[in-house]
Amino acid sequence: MLKTNICLINTPNPELRDDRLDVPIGLLYIATHLKNRGHSVSICDLAGIPESEWVNIIPFANYYGFSTYTCNFHITLRIKDIAKQINPKAITIVGGAHATALPEETSKLGFDYVVIGEGEGAIESIIEDKESVFVRMPPILNLDNLPYIDYSLVDINSYHRLIESEKAISVFSSRGCPFNCSFCSSKAVDYGRQYRKRSVGHFLGELEQIKKDYGDIRFRIKDDLFTYDVGWIKEFARNADNLKYDCLVRAGYHQDIPKYLKDSGCTIVSIGIESGSDRVLKVMNKHTTREVNIQAIRQMKDAGIKVLIWIIVGFPGEDWNSVKETVDMVNETAPDITTIYPLIPYPGTDIWKNPKRYGMRIIDRDFSHYYYIKGNYESGYVYETDTLTPEIIRDMKQYMKDNITESDIR
């Protein structure tokens with residue numbers, strides 16, 4: 001018997017070059033869980049939809065759930081108002097990175113409930129108990145208890161993600177991260193620092209189910225630390241059959257990881273290199289070094305895997321010497337693609353909580369400016385230090401783009 005009707009709304013980010021690349025995987029996890037528990041649930045993905053059409057697309061529901069990031073939180077507020085016009089008696093629930101990082105501030109903006117952290121059990125708890133405004137459930141320790149995502153809740157064909165000209169779909173095999181990088185917003189929402197991994201059999205079973213349902217498709221594994229457990233990766237490589245995927249890798253992995261990735265069907269890795277300066281990496285609390293970064297890029301390339309790296313420019317403590325060190329490192333290792341962006345001090349990060357510790361001042365609290373990359377690879381510049389202004393950071397980014405010659409720049 002259906003218990004209630006819930007609409008989970010994905011907030012668009014219209015400033016992106018393509019706002020409809022990937023399925024809203026977080027909402028899909030929540031919706032699948034609720035559906036399997038007997039609730040009537042739908043996903044309303046407004047990504048890529050003009051604002052003039054929202055009122056005609058958002059359905060009548062008793063509960064509206066919103067997952068929002070910092071840079072598009074202002075849009076979530078507008079959507080919430082439209083939902084309340086459609087059903088003034090509806091209960092509104094907000095979660096995601098921004099709400100988790102700033103729950104009290106978020107609750108004052110017209111939402112009935114704020115979900116902090118994982119959402120699968122939180123919305124069900126709200127529906128059944130309706131107690132505290134702030135809802136935080138314990139993290140799911142055994143990820144094999146999660147159901148396979150029901151991708152029929154969205155129109156898979158409406159998403160545009162292509163990798164090497166092939167249709168790709170996003171998946172997760174783990175949650176959490178034991179590291180504590182000062183700039184990372186993942187741990188603010190992402191289930192704390194407790195790293196948890198699905199069993200190889202459970203994960204491969206879901207991939208096979210997706211291929212059965214949607215044909216020859218490749219996968220975008222979005223784990224922050226897909227290669228953290230070398231034993232798991234070895235077992236995965238031994239059992240993977242006819243897969244194609246890309247994944248995120250942290251520099252400093254076990255030396256056998258590139259081989260296991262290649263054997264299991266990986267063609268592209270993304271590595272958060274961040275800087276070619278040991279001094280800046282230390283300030284970031286990255287727990288890697290320039291040499292570790294160099295080895296990570298070279299080993300993947302030697303294994304025949306394409307490498308995309310991310311670089312943060314203008315981190316507190318950056319100077320022109322460290323900028324040149326980074327340029328030299330990239331040209332020395334020649335990754336296939338290099339993406340450069342300034343630091344964004346997202347709520348929930350250590351650098352947001354303790355800016356004085358880093359000698360920085362946040363000079364712009366307009367969260368709509370808190371974007372790494374939008375449009376024609378534009379970035380937000382929202383902080384300064386005694387030696388770094390937004391203009392200097394912008395010049396440093398341009399210098400990197402102009403002087404990195406052995407990698408495609410984005």
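How many salt bridges does a search of the whole structure find?

Modeller: This is a predicted model, in which local features need pLDDT of at least 70 and side-chain atom pairs count only at pLDDT 80 or more, while totals for chains, interfaces and linings use all residues. Residues are numbered from 1 along each chain as its sequence is written, and side-chain values use heavy atoms, with hydrogens and water left out. The search of the whole structure finds 25 salt bridges (a side-chain nitrogen of Lys or Arg within 4 Å of a carboxyl oxygen of Asp or Glu).

One of them joins Asp45 and Arg20, with an N to O distance of 3.7 Å. Asp45 belongs to strand E2 (residues 40-45) and Arg20 to the loop between strand E1 (5-10) and helix H1 (25-36), so the pair ties together parts 25 residues apart in sequence. Helices (H or I, at least four residues) and strands (E, at least two) are DSSP runs, numbered from the N terminus. Asp45 is buried at 9% relative accessibility, and Arg20 is buried at 13%; buried means under 20% relative accessible area, exposed over 50%, and partly exposed in between (1.4 Å probe, protein chains only).

A further salt bridge pairs Arg175 with Glu120, their closest N and O atoms being 2.6 Å apart. Since Arg175 lies in strand E9 (residues 174-175) and Glu120 in helix H6 (residues 120-129), this pair ties together parts 55 residues apart in sequence. Both Arg175 and Glu120 are buried.
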